[in-house]
Amino acid sequence: MVKLNKIYTRTGDGGSAGLVDGSRVSKSSLRMTAIGEIDEANAAVGVAIAGLGRGEVTDTLLRIQNDLFDAGADVATPGDVEGALRIVPGQSERLEREIDAMNADLAPLTSFILPSGSPGVSTLHLARAVARRAERAAVALNEAESLNTHLLAYLNRLSDHLFVAARFVAAREGGDVLWKPGGTRD
């Protein structure tokens, strides 16, 4: 269990951060970039929750926020540490089930969708874009140091989930805002 009595430690004042295994890395490292991007994705999901209010989609997003803390712990634990908290296949499989359930009654796409609409829909699109950036950061780290493949799959699936969630909410509010190619040319 996590217990924090003191928020500042001064151990990072020189530009390094501690990892779960006790090692320290530069705050500008690929690992810390991935951890930060995952944290930002989690905050963006929180903003989406605030924009949506209570409901079925919010419940899935709260589970995703917990998963993203697991993902951050996964990245913060380099190597093969016994008992380390890792993303597991069931977490990605749950996202897939939720995607399929939300997508079941949606009309097929006939155009790209603008990341727009109500505050709830727009914040879901923003969370999707931030999640995609977190995935890119994890992929960059994985190219330098192997990561848990289930983590990479989860991050890939997460942006799909947030995209379908935005469409699901938009469908209840009148539909997606569609891109009109060349529609603003004079």
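How many salt bridges does the count come to? The count comes to 12 salt bridges in this structure, which is a predicted model. Side chains of opposite charge can pair when their charged atoms come close.

**Arg133 and its two partners**
- Start with Glu37 and Arg133, whose side chains meet in a salt bridge with an N to O distance of 3.0 Å.
- Glu37 belongs to helix α1 (residues 30–52) and Arg133 to helix α4, so this pair ties together parts that are 96 residues apart in sequence.
- Arg133 also meets the side chain of Glu40 in a salt bridge, here at 2.8 Å from N to O.
- Because Glu40 lies in helix α1 and Arg133 in helix α4, this pair ties together parts that are 93 residues apart in sequence.
- How covered are these side chains? Glu37 counts as buried because its relative accessibility is 16%, under the 20% cut-off.
- Arg133, at 29% relative accessibility, counts as partly exposed, and Glu40 is partly exposed too, at 38%.

**Asp74 and Arg86**
- Asp74 forms a salt bridge with Arg86, and their closest N and O atoms are 2.9 Å apart.
- Asp74 sits in helix α2 (residues 56–75) and Arg86 in the loop between α2 and α3, so the pair ties together parts that are 12 residues apart in sequence.

**A network of charges**
- Salt bridges can also be found linked up: Arg63, Asp67, Arg94 and Glu98 form a network of them.

**How α3 and α5 pass each other**
- Look next at α3 and helix α5 (residues 149–172), whose axes come within 9 Å and cross at roughly 20 degrees.
- Angles under 35 degrees count as roughly parallel, and α3 and α5 are therefore roughly parallel to each other.
- The crossing in which α3 passes α5 is left-handed.

- Which residues make the nonpolar surface patch? Phe112, Leu114, Val177 and Trp179 make this patch, which covers about 380 Å².
- You can find Phe112 in the loop between α3 (89–103) and α4 (119–144).
- Phe112 counts as exposed because its relative accessibility is 62%, and the cut-off for exposed is over 50%.

Definitions and conventions: Residues numbered from 1 in each chain as written. Predicted model: local features only at pLDDT ≥ 70, side-chain atom pairs only at ≥ 80, totals over all residues. Heavy atoms only, no water. Patch = residues over 30% accessible without salt bridge, like charges linked within 9 Å, V, L, I, M, F, W, Y side chains within 5 Å. Areas by Shrake-Rupley, 256 points an atom, 1.4 Å probe, with all protein chains shown as cover. Salt bridge = Lys/Arg side-chain N within 4 Å of Asp/Glu carboxyl O. Helix = DSSP H or I, 4+ residues; strand = E, 2+ residues; numbered from the N terminus. Buried < 20%, exposed > 50% of the residue type's maximum accessible area, 1.4 Å probe, protein only. Axes fitted to C-alpha atoms, helices over the stretch in contact; angles between N-to-C directions. Parallel < 35°, antiparallel > 145°, perpendicular 65-115°, else oblique. Left-handed = near helix turned anticlockwise from the far one by under 90°.
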